[in-house]
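Thank you all for making time this morning.

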Amino acid sequence: MKNILVTGGLGFIGSETVIALLEKGYQPIIVDDLYNAKLAVLDRIETITHVRPKFYEVDVTDQAKTEKIFQENQIDAVIHFAGYKAVGESVYKPIEYYRNNLDSALVIVDLMRKYGVKNLIFSSSATVYGVPERVPLVETDPVSEATNPYGETKVMIERILKDVYKADPTLNIALLRYFNPIGAHPSGLLGEDPNGIPNNLLPYVSQVAIGKLKCLKVFGNDYPTPDGTGVRDFIHVVDLAEGHVATLKKLEQNPGLVIYNLGTGKGTTVLELVHAFEEANHVKIPYVIAPRREGDVAVNYANCDKAYRELGWKARFTIADACRDAYHFQKMNPNGIQ
Ligand code: UFG
């Protein structure tokens, strides 16, 4: 396997994965419509790796334009990241979320069939477990109704891919369920670059740290957790990217349809993360306790033994590493990637 089509390859996780692929000798072909990413990310990938990957500015819901990419390239595998991903926004834009996320997945599998591409990695999410009955979550735990349309698109696409696999068992499909990706490339050149006020915890904390935002709101301190704040499985984005490369290696062994949790296996509370950030970066993060955020679960973390057993992959960076890298990126890019 050599040529890897990476949809959403200029996004937060996509761009990091492109770098991991280049480091391991793969040839990524990036497709991104720049809806939630900047072209400058391509320059930064080039600065880091000294390679400028082939890039198509295409929306993968556009089947005709996407087909041209399949015609022009001999693709060995697809990593499908492209999709809308804002939980809150999906609640008031359900039509856009279902249309965009489902259409793009369908275009990809339809073109894979037409062009005989057998290998696919899909960006799924821990959100498919809904409200966990128990933690740590294992891959065989029930996939239940998600708490928002964004999550529901992940549940639905997983189901679609299982049916696609049933119809053609010569395919190799990996469903990767990500937990909470944080951190940034250690160079400070790539990282999470949200539009407007960040929804996710670490980008918010980083913007408080540089004085762009005043004060963090901690959503709830009355959960049944050690300090009352929510528990998540925060994983460094570079670890997550390397998980994709490990999965590609697995797909080379023709495993059929496989599912892996990608996390650290460790739960960290919101306040523990805030304090780790303060310690790693020698800054103070002012915060207030605010009411719980609707749709949040108390505790969510992964059992990642299966990924270790079958992929030989496990997270190697610490929360402190991720906090340091996120702050470095934020300081180098106070107004995002330009
Ligand atoms: N939080 C705060 N204040 C903030 C932002 C977040 O206290 O300003 C808390 C949340 O309440 C939660 C924790 O920090 O307890 C993590 O929140 P994030 O928004 O960073 O992440 P989520 O766990 O809500 O969601 C993430 C991804 C989703 C994915 C989900 C899967 O953003 O895409 O994990 O579990 F679906």
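Leaving aside its neighbours within four places in sequence, which residues is lysine 2 in contact with? Before I answer, please keep in mind that what you see is a predicted model. Lysine 2 is in contact with Gly25, Tyr26, Gln27 and Asp76, once those sequence neighbours are set aside. This residue sits in the segment before strand 1, which covers residues 3-7, and its side chain reaches the backbone oxygen of glycine 25 at 3.2 Å. Lysine 2 and tyrosine 26 are 24 residues apart along the chain, yet their C-alpha atoms are separated by 5.0 Å. Is lysine 2 buried, exposed or something in between? It counts as partly exposed, because its relative accessibility is 41%.

Seven strands make up an open sheet with parallel pairing, and their order is 3-2-1-4-5-6-11. Strand 3, residues 54-56, and strand 11, residues 257-262, are the edge strands, each pairing on one side only. On average, and ignoring direction, neighbouring strands of this sheet are turned by 20° against each other. Within the sheet, strand 1 runs parallel to strand 4, residues 77-80, and four bridges join the two; leucine 5, for instance, stands opposite valine 78 in strand 4. Helix 3, residues 63-72, packs on the sheet and touches strands 1, 2, 3 and 4, with a direction that makes about 155° with that of strand 3. Helix 8, residues 237-251, lies across strands 1, 4, 5, 6 and 11, and runs at about 160° to strand 6.

There is also an open sheet of three strands, in the order 12-9-14, and here the pairing is mixed. Strand 12 and strand 14 each have a single partner strand, so one side of each is left without a neighbour in the sheet. Strand 9, residues 231-232, pairs with strand 12 in the antiparallel sense over two bridges, and arginine 232 stands opposite threonine 268 in strand 12. Alanine 298, in the loop between strand 13 and strand 14, touches Arg232 as well, along with Tyr223, Pro224, Thr225, Gly230 and Val231, not counting residues up to four places away in sequence.

Let me turn to helix 7, residues 201-209, which is mostly covered, with nine of its nine residues buried. What covers those buried residues includes strands 7, 8 and 10 together with helices 9 and 11. After helix 7 comes glycine 211, whose phi is positive, near 85°.

Leucine 201, one of the buried residues of helix 7, has a polar backbone atom that is 2.8 Å from an oxygen atom of the ligand. The protein covers 89% of the 690 Å² of accessible area that the ligand has on its own.

How values were computed: Residues numbered from 1 in each chain as written. Predicted model: local features only at pLDDT ≥ 70, side-chain atom pairs only at ≥ 80, totals over all residues. Heavy atoms only, no water. Contact = heavy atoms within 4.5 Å. Buried < 20%, exposed > 50% of the residue type's maximum accessible area, 1.4 Å probe, protein only. Polar contact = N/O pair within 3.5 Å; in protein donor to acceptor, adjacent residues only side chain to side chain. Pairing = 2+ DSSP bridges. Axes fitted to C-alpha atoms, helices over the stretch in contact; angles between N-to-C directions. Areas by Shrake-Rupley, 256 points an atom, 1.4 Å probe, with all protein chains shown as cover.
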